[in-house]
Amino acid sequence: MPRPLVAHIDLSALRHNLGVARRHAPQSHTMAVIKANGYGHGVLRAARALEAAEGFAVLNVSEAVALREAGFKQTILLLEGFFSADELSALAEHRLASVVHCAEQIEMLEASGLSVKLDIFLKINTGMNRLGFKPEAFTAALDRLQSCPAVGTITLMTHFASADEASGIAAQLACFDSLAAGREMPRCLANSAAILRHPAAHGDWVRPGIMLYGSSPFADESAASLGLEPVMTLRSRIIAVQELDAGDAVGYGATYRAAKPMRVGIVACGYADGYPRHAPTGTPVLVDGTRSRTLGRVSMDMLCVDLTGIAGARIGSPVTLWGKGLAVDEVAAAAGTISYELLCALAARVPVVED
Ligand SMILES: *Cc1c(COP(=O)(O)O)cnc(C)c1O
C-alpha cells in the first residue's frame, strides 16, 4: 500500500461554490481566480470544474497559455499584467487580457507595434498601495491607453485591502467611484469578501477566489454559514501508535510531555506535505471521525495526534487534516494563519484524487 496521505478534491463543491458567488452578484460576470495553481487545487482541474465562469484570473503567461491550449475560450486575465515586453506577443497570440498597473507597462504597449488590440484592466490604487495608478495619475494613464493602438477594451479595476474587516471598503469605493464616474467603462472590483458583504462593489466583473474553494474570507463567519462547501479534504492514516508513560515526551524538541499515561497516533503528514509546521499542540484534527488534537511539533513527514478517548484508533485508522468534517479555516486559525496559505501550500508530492 502506498503512503496513505491523499488530497481529495470535490469538483461538485467547486461548482456549487461558484453558484453561491453568482447568486450574490447576479448582474456581474465572474472572473474565477485560479492563481497559485488554483489555490493548490490544480489550475486546469479548477478551470474545468469552473467552466461556467465568464473568465479566469491567473498570474503567469504560462498558466494562461495552458488554459488556452486546454480549450478555454473565456476571458483570461493576467492579474499583475506582463512583466516584460517580450511577453506581449504571447498575449496577442492567445488573446490574453492584462492588468496594467504602472507607467512602464504603458510604455511597453506603446512601443510594441502590436497589430492586435489587447484588452486591458487598468488598475487604480485606491488605498491598498500595492499595485496601481494613484488617483492623481489615473487620467493621464487612461488617456495614454485610449490613444494606444495596441489597446482594445479598457476595464477599470481596483482591489480592496479590508473587504473582510469591519473597516470595510467605503473609502476605497468612494475613491474608485469618483474616478470612474461618467465613464462608460466596465468595472471590476470585488474579491470574495466584497462579493459576500458589499453589493455596492459588484460592478461588471467580480473576482472570487477563496470562496470558490469553500473557505470563508471572514474571521467572524464560517464557510458553512455562508453556504460554501469544502473542496479539498486532506486525508491520511495512523501509521504507528505510541503508548506514553507520565513524563514521556513526543516529537522534536520534546515540546509535548504526557501528564499521565496516554496513547499517541503518528500520522503520515508533515510540513513537506504542506501541513503548517507552526501548528501548535492543540490544532484540531479528526481521527476515525472523532475530533482530536495534534501534539508536539509537526515534523517533515509526520505529525502526532492525541488518541485519548478514541479507543478504536489503531494503525490504519483514517485521519482528516482538514476539509469535510473539519473546516480548513479552523485549522488555519489554530496555526495562526489563513486558509489561503494552507491550501496553496499543498505539496506537489501529495497525490490528488478527484471526487
Ligand atoms: C487573489 C485576488 C483575488 C481573489 O481574492 P479572494 O480573497 O481569494 O477572493 C481578487 N483580486 C485580486 C487582484 C487578487 O489578487
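Colleagues, I begin with the lining of the largest cavity, whose residues divide into three nonpolar, five polar and two charged. Nonpolar here covers Ala, Val, Leu, Ile, Met, Phe, Trp, Tyr, Cys and Pro, charged covers Asp, Glu, Lys and Arg, and the others, Gly among them, are polar. The model is predicted, so local features need pLDDT of at least 70 and side-chain atom pairs pLDDT 80 or more, while totals for chains, interfaces and linings use all residues. Residues are numbered from 1 along each chain as its sequence is written, and side-chain values use heavy atoms, without hydrogens and water.

The lining residues of that cavity are K123, I124, N125, T126, M128, R130, L131, T158, H159 and Q172. On a 1 Å grid over the protein atoms alone, a 1.4 Å probe fits in a cavity but cannot get out, a pocket is an open set with protein on both sides within 12 Å along at least five of seven lines, and lining residues have an atom within 4 Å of a point. The largest cavity has a volume of about 50 Å³, volume being the space filled by probe spheres set on points joined across faces, edges and corners. One cavity of 30 Å³ or more is counted.

The largest pocket has a volume of about 980 Å³. Its lining comprises 41 residues, with Y39, N191, I210, I338 and Y340 nearest the centre. By class, 24 of the lining residues are nonpolar, nine polar and eight charged. Helices α2 (35–39), α9 (192–197), α10 (328–334) and α11 (339–344) each supply at least two lining residues (helices are DSSP runs of H or I, at least four residues, numbered from the N terminus). The most comes from α10, with four residues.

Finally, α6 (residues 103–112) packs against α7 (residues 135–146) at about 15°, with axes 10 Å apart (axes are fitted to C-alpha atoms over the stretch in contact, and angles run from 0 to 180 degrees between N-to-C directions). The two helices are therefore roughly parallel (under 35 degrees). In contact (heavy atoms within 4.5 Å) are A103, I106, E107, L109 and E110 of α6 with A141, R144 and L145 of α7. This contact has five nonpolar, no polar and three charged residues.

Conventions:
Angles under 35 degrees count as roughly parallel, over 145 as roughly antiparallel, 65 to 115 as roughly perpendicular and the rest as oblique.
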